[in-house]
Amino acid sequence: MKLCREIALVILLIAALAAPSSCEERIGRLKYGGGGDWYANPTSLPNLLEFAREHTALDLPRREETVEPGDPELHSFAYVHVTGHGRIRFTPEERRNLREYMLRGGFLHVDDNYGLDEYFRREVGEIFPDRELVELPFSHPIYHCLFDFPQGLPKIHEHDGGPPHGYGIVHEGRVVLFYSHNTDLGDGWESAEVHNDPEEIRLQALRMGTNLLVYALSR
Amino acid sequence: MAGPAARLAFRTACLLWYNLRIFMSPLDPRIALLWPGVVVACVALYLCWRRLRGHAPSRVAVLLVLRALLLGLLILAIANPALHDDRPVSRPPTLLIALDSSASMTRLPLGGPSRYATALEALRAGPIADAITSCRPLRYAVSASAQPVREFADDPVGAMRTDLQSTLSEILRQPRSPRPAACLLVSDGADDTNRPPARVAAALEGYGVPVFCLGVGDPGPVPDARVLGLIAPEIVSEGDRFEVRVLVGAAGLEDAPVDLTLSTGGEIIQRRSLADGPAERPATFEVTAGAPGYHRYTVEVVPGAEEVTGANNRRSFVVRVEPRGTRLLLIEGRPRREYAFLRRFLLRIEDLETVILLRKRRPAEFWFDAGNPRRAEGLSAAGELRRFRAIIISNIEASALSAGFVRQLARYVTEGGALAMLGGEDAFAAGGWEDTALADVLSVRMGEGMLGDPLSVRVMGGSDLAARLRSVEGWQRLPLLDGMNAVMGVPPGAEVAMEAISAGSPVGPVIATGRHGAGRTLAVTVSDTWRWQQSPGADEHSRAAWETFWTSIAGWLIAPRAERQVVIDVGRDSVEAGVPVPVEVLVRDADYEPVDDATVTVSASGAGVSEEIAAARIEAPGVYRAIVRPREPGSMALTATAVVAGDSIGSDSRELEVVEPVGELTHAARPDVLRAIAERTGGAYRSVEEAEELAALLPLEPTTERRVVTHRPARSPWFFAIVLLVAGTDWLLRRRWGVG
């Protein structure tokens with residue numbers, strides 16, 4: 001009997017440690033359809049979450065959760081990350097759910113890992129036919145809400161050359177979708193040995209990512 | 001021989017009887033001894049005659065006469081008859097002399113001999129003094145009362161107040177015989193009653209004593225600058241410009257410029273120089289209203305060396321500065337979904353200026369987050385807390401706020417603010433708030449940690465807030481919340497507007513409201529109402545419920561606040577020592593309604609006063625009045641507290657400056673008063689320069705009266721000498737004639 005009780009306690013303890021705290025915000029990685037590698041940069045989000053926990057008062061989990069665009073649970077997530085190199089395809093139901101998620105208060109961050117732009121822009125047009133993806137000015141709070149980026153998005157990786165661009169869908173003054181293009185923030189978030197990026201570049205990427213989290217959880 | 005002796009005895013008895021009948025009262029106990037005395041005397045004479053028989057009849061007769069005379073004298077000594085002498089007597093007249101010894105006499109004018117010194121000189125030398133020598137003077141020093149004196153003092157302490165009518169009445173109404181021939185009043189005519197001369201004169205006419213007035217002092221104005229009038233708004237809005245209009249009196253200083261200052265908080269903020277000119281000069285100050293709250297300003301005429309007193313040069317007024325629009329302060333512990341939704345909601349509210357301090361880094365890096373994000377230099381960057389109509393403390397641990405700031409929050413509520421604490425794992429006891437100054441202020445009793453069970457909610461009670469929440473039905477159908485802060489009920493007086501249900505049982509209040517001091521508090525013990533807006537189970541109904549939930553809370557918090565439910569209104573902040581000060585206390589409830597059933601106590605300390613007075617309600621609704629009497633110059637603190645049904649509903653404190661009484665220091669001489677008194681009572685008025693004329697007019701002829709003088713011959717030395725002579729003669733004759 002005593003042994004059973006001890007086993008039960010150990011199980012409960014493990015469950016408690018494994019399960020996210022009720023107060024933690026949920027951070028998600030969008031598992032979209034169309035064939036693109038939604039799972040790219042696997043160490044990026046854990047690294048970002050660790051960095052953000054260390055440098056802010058945010059209550060964040062250690063790892064992100066995977067969520068599908070049509071899943072009703074999507075609405076429980078404070079921040080949902082989208083990355084990949086190729087095709088993205090949403091069903092009409094997924095588009096409706098994503099749109100509602102963002103307009104109701106959610107935040108979607110799309111990071112072009114190179115090759116995503118064409119497909120993503122097409123899908124954004126489907127999700128928000130009434131809105132335009134606009135480039136955010138460098139003065140936008142998203143670049144200054146914790147770490148200061150006076151020149152906008154930091155350049156992490158060279159893709160097609162040129163400066164990085166930060167676009168957004170704005171609803172009632174709030175950026176509900178942020179699209180980082182021609183920079184690849186996710187690569188910068190990855191562990192140092194993955195891309196061998198200089199530490200300063202990684203730091204810039206992590207700081208910008210932290211800004212996105214702070215923005216998502218305060219606006 | 002027996003015949004003449006008997007006749008002598010008979011005559012003596014008749015005389016005695018006559019005297020006794022006339023001069024002695026029949027009730028006198030000595031009358032009872034008289035008759036036995038007469039009998040004893042007769043027996044003694046008889047025995048004497050028997051012993052003397054055989055001697056020469058002439059000698060016997062002489063000795064018997066002597067014995068009878070001696071006995072008669074003894075009887076007279078016992079009877080002690082009185083003799084009354086009625087005759088005319090001449091007496092000098094009685095003159096009442098009243099010398100005004102008030103401050104206007106003793107301290108004015110500033111240069112040269114005082115009015116009092118001039119008057120004293122007239123009484124001690126010159127025609128008035130000569131006239132006084134021929135009468136019987138009764139001297140009185142008059143000011144607030146009449147004091148009989150043997151001689152007038154050279155340097156009296158001038159009383160600050162005079163009432164000529166009452167002090168003269170006090171002197172004249174005393175019964176005297178004979179009636180005083182006249183009253184000589186030496187005064188400047190100035191008193192602080194400022195009664196019309198005719199009224200004073202009419203009051204004194206009835207005593208039948210002519211009052212002769214010797215006037216001293218200059219009827220021209222006494223040099224004195226003062227603030228005669230002051231107009232300023234009572235309430236202005238933050239940042240408004242308003243005018244302060246001042247009327248300066250410069251009596252007797254028409255040829256001199258006057259400097260005027262406006263100060264607040266002990267600092268002069270503006271100056272005006274008023275050029276020489278009329279006795280009344282207007283001035284205007286333009287002031288910009290500062291931070292919300294009560295601002296006290298002081299207008300002061302800079303005292304000049306040539307003016308009689310500086311005690312009336314200052315006037316103060318209080319302006320209440322209202323915040324421009326309604327302001328709310330939100331202090332958030334961390335970026336989180338609950339905050340993001342609440343922030344969007346608050347910033348949507350029209351006419352509400354929301355200041356947000358969001359802690360972005362631990363332990364205490366705060367950012368302004370209502371507009372463009374910018375780092376704040378600590379919580380003090382929010383400014384004075386009382387500028388905010390409501391403050392929300394949202395999911396932040398107590399240690400992130402300094403103990404001083406937490407005490408400020410508690411005082412903010414006590415003084416009338418509205419404070420809410422929102423739930424989360426850093427709120428209430430989980431955030432270490434149970435041992436802070438806010439613990440007794442909040443409307444819930446904190447329990448330990450968090451409750452992690454899924455919760456539904458339901459509206460409770462009949463409060464206004466609950467009524468607002470009931471505009472939405474089906475609260476229990478909303479998406480479940482994920483736990484709450486543990487609370488152990490609410491303190492007495494607090495109300496639960498919504499409670500949490502877990503597994504069908506209530507587990508504690510979700511919204512509780514309460515009052516503390518003049519303010520109010522609200523507690524929200526959950527931290528994920530955002531689920532009603534955005535979660536798998538959220539729908540239009542739950543979103544409407546969320547809107548109602550926060551609209552009700554925000555409406556409750558930012559409703560017009562009863563800034564101070566108890567306010568002391570004295571109307572000034574400078575009073576004179578000795579002058580009763582009516583202190584009005586305005587009492588309102590939290591909804592601005594006047595409270596008429598409060599027990600209001602005013603306590604005063606300082607300026608020679610230490611007392612607690614119960615204020616009585618007067619006709620105006622919610623207004624109570626007490627009279628405080630500062631005794632000496634200094635600072636006097638006033639505190640008013642109002643209690644209804646045993647509960648304090650607030651208090652207010654003010655400090656008054658008590659100055660030396662100005663009294664009559666600024667009074668010019670008033671010969672018109674003296675002239676009216678003299679004319680009405682049958683006397684005469686002359687100035688001190690015309691003292692000779694007045695002396696001649698004084699009715700100081702001697703008076704003649706009949707006077708009855710009473711003598712007691714039996715008590716005179718002559719009577720005693722006669723007794724000795726008779727007894728000695730008797731003794732010598734008996735020895736010479738050899739009679740035993």
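A salt bridge here is a side-chain nitrogen of Lys or Arg within 4 Å of a carboxyl oxygen of Asp or Glu. In this predicted model, the side chains of Arg314(B) and Glu657(B) form one, at 2.0 Å from N to O.

**Domains of chain B**

- Chain B is assigned domain 1 (2-82), domain 2 (91-215 + 672-704), domain 3 (224-320), domain 4 (326-558) and domain 5 (566-659).
- The centres of domain 3 and domain 5 of chain B, taken over C-alpha atoms, are 26 Å apart.
- Domain 3 of chain B puts 4 residues into the contact, and domain 5 of chain B puts in 4 residues.
- About 490 Å² is buried between domain 3 and domain 5 of chain B, with 30% of it on carbon and sulfur atoms.
- Of the area that domain 3 of chain B buries against domain 5 of chain B, 70% comes from Arg296(B), Arg314(B) and Ser316(B), more than from any other three residues.
- Between domain 3 and domain 5 of chain B the count is 1 salt bridge and 1 residue pair in polar contact, both at pLDDT 80 or more.

**Sheet of chain A**

- In chain A, 7 strands make an open sheet of mixed pairing, ordered E2-E1-E3-E4-E7-E6-E5.
- Strands E2 (65-67) and E5 (134-135) of chain A are at the edges with a single partner strand each, so one side of each has no neighbour in the sheet.
- Strands E6 (residues 165-171) and E7 (residues 174-181) of chain A run antiparallel and are joined by 7 bridges.
- Gly168(A) has Phe178(A) in E7(A) as its bridge partner.
- Helix H2 (residues 44-55) of chain A packs on the sheet, where it touches strands E1 (26-30) and E3 (77-82) of chain A. The direction of H2 makes about 160 degrees with that of E1(A).

Notes. Residues are numbered from 1 along each chain as its sequence is written. Chains are lettered from A and ligands numbered from 1 in the order in which they are written. Side-chain values use heavy atoms; hydrogens and water are left out. Two strands pair if DSSP finds at least two bridges between them. Helices (H or I, at least four residues) and strands (E, at least two) are DSSP runs, numbered from the N terminus. Contact means heavy atoms within 4.5 Å. Axes are lines fitted to C-alpha atoms, for helices over the stretch in contact, and angles run from 0 to 180 degrees between N-to-C directions. Domain bounds come from an automatic or database domain assignment. Buried area is the accessible area (1.4 Å probe) that two parts lose on being put together, summed over both. A polar contact is a pair of N or O atoms within 3.5 Å; within protein, one must be able to donate a hydrogen and the other to accept it, and residues adjacent in sequence count only if both atoms are side-chain atoms.
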